[in-house]
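Try each task yourself before you read its solution.

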Amino acid sequence: MQHSSQRTPSRQTPLSGAGYFFRGISLAMQPGTRRFVLFPLLINIVLFGSAFGFVLSQLGEWIDGWMASLPQWMEWLSYLLWPLLAIATLVTFSYLFSTIANWIAAPFNGLLAEHLEAKITGKKAPDAGIAAIMKDLPRIMHREWIKLKYYLPKALGLFILLWIPAIGQTIGPVLWFLFSAWMMSIQYADYPFDNHKVPFPTMRDALKVKRGKSLSFGSLVMLCTMTPIVNLFVMPVAVCGATAMWVDNFREQYKQY
């Protein structure tokens, strides 16, 4: 199958991280890109449509149970802690569902990033079919496992912090959100980096250099992932936005890989 090499112009001036997310919306809807969006979109709709609905139906009961365990002297904090715990719970489950969805959709997300990069840069995209996806599957799954190993110890530390009275329950949700935003940036930026075989530590350090851009991109992805209905469409949009961010900010620097 022949793929169009028609160029989708890249921005001359790099956007903000949030700007790349919004650019991802327009890129995902362009002719020639929509067919690669289909599988990630369907996976996200099936997962979030069922799992996120369950969490929302149980959220109030869970938080009321946690609030009941607070010592009496902290009851005056209940009006502050309830929304913070709600945010922490939504962030936790949003990232969990997103991680599961990305594991399932990883081969298709990588394919979307590859073809979109070719479209943006005016290059001819490779004719990658199911056979090519299956051949790359072990490498792709290994990369997802590396990201999970990076995430788990830090998430465990933040989870423990959440259970420390007063301090953990006030600053914990804020730190949890920022960390989840960072992980969202890593998750989606990794698809174009991995397509070029850039090692995970190198990719992570590159994002750290542009930490503000990475965090603003990841924060918007995280907020949309926490929002019902909107979260059904986040995955392919985030892949497209992260690919545009790669082309404008990192591609020249790491083209030797």
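**Exercise 1. Find the salt bridge that R251 and E117 form, and say which parts of the chain it links.**

*Solution.* Keep in mind that this is a predicted model.

Step 1: Look at the two side chains. R251 and E117 meet in a salt bridge, with 2.9 Å from N to O. The cut-off for such a pair is 4 Å between a side-chain nitrogen of Lys or Arg and a carboxyl oxygen of Asp or Glu, so this pair qualifies.

Step 2: E117 belongs to helix 3 (residues 78-121), while R251 sits in the segment after helix 8 (234-249). The two are 134 residues apart, and the pair links distant parts of the chain.

Step 3: Check how covered E117 is. Its relative accessible area is 6%, so E117 is buried, given that buried means under 20%.

**Exercise 2. Work out whether E252 is buried or exposed, and name its salt-bridge partner.**

*Solution.* Step 1: E252 pairs with R251 through their side chains, at 3.9 Å from N to O.

Step 1: The relative accessible area of E252 is 51%. Exposed means over 50%, so E252 counts as exposed.

Step 2: Now widen the view to the other salt bridges. The structure holds nine salt bridges, and another one of them pairs R204 with D205, whose closest N and O atoms are 3.4 Å apart.

**Exercise 3. Describe where T225 lies and what it touches.**

*Solution.* Step 1: Locate T225 in helix 7, which covers residues 211-225.

Step 1: T225 has 2% relative accessibility, so it is buried.

Step 2: List its contacts. Leaving aside residues up to four places away in sequence, T225 touches F48, F52, S94, S98, M184, N231 and V234.

**Exercise 4. Summarise the protein chain as a whole: how many helices and strands does it have, and what share of its residues is buried?**

*Solution.* Step 1: Count the elements. The protein chain has eight helices and zero strands.

Step 1: Turn to burial. Of the 257 residues, 50% are buried.

Step 2: Consider the contacts between residues at least 6 apart in sequence. Among these, 81% join residues at least 24 apart.

Step 3: Finish with the surface. The accessible surface is about 12,300 Å², and 69% of that belongs to carbon and sulfur atoms.

Conventions
Residues are numbered from 1 along each chain as its sequence is written. This is a predicted model: local features need pLDDT of at least 70, side-chain atom pairs count only at pLDDT 80 or more; totals for chains, interfaces and linings use all residues. Side-chain values use heavy atoms; hydrogens and water are left out. Helices (H or I, at least four residues) and strands (E, at least two) are DSSP runs, numbered from the N terminus. Buried means under 20% relative accessible area, exposed over 50%, partly exposed in between (1.4 Å probe, protein chains only). Contact means heavy atoms within 4.5 Å. Accessible areas come from the Shrake-Rupley method with a 1.4 Å probe; for residues, only the protein chains shown count as cover.
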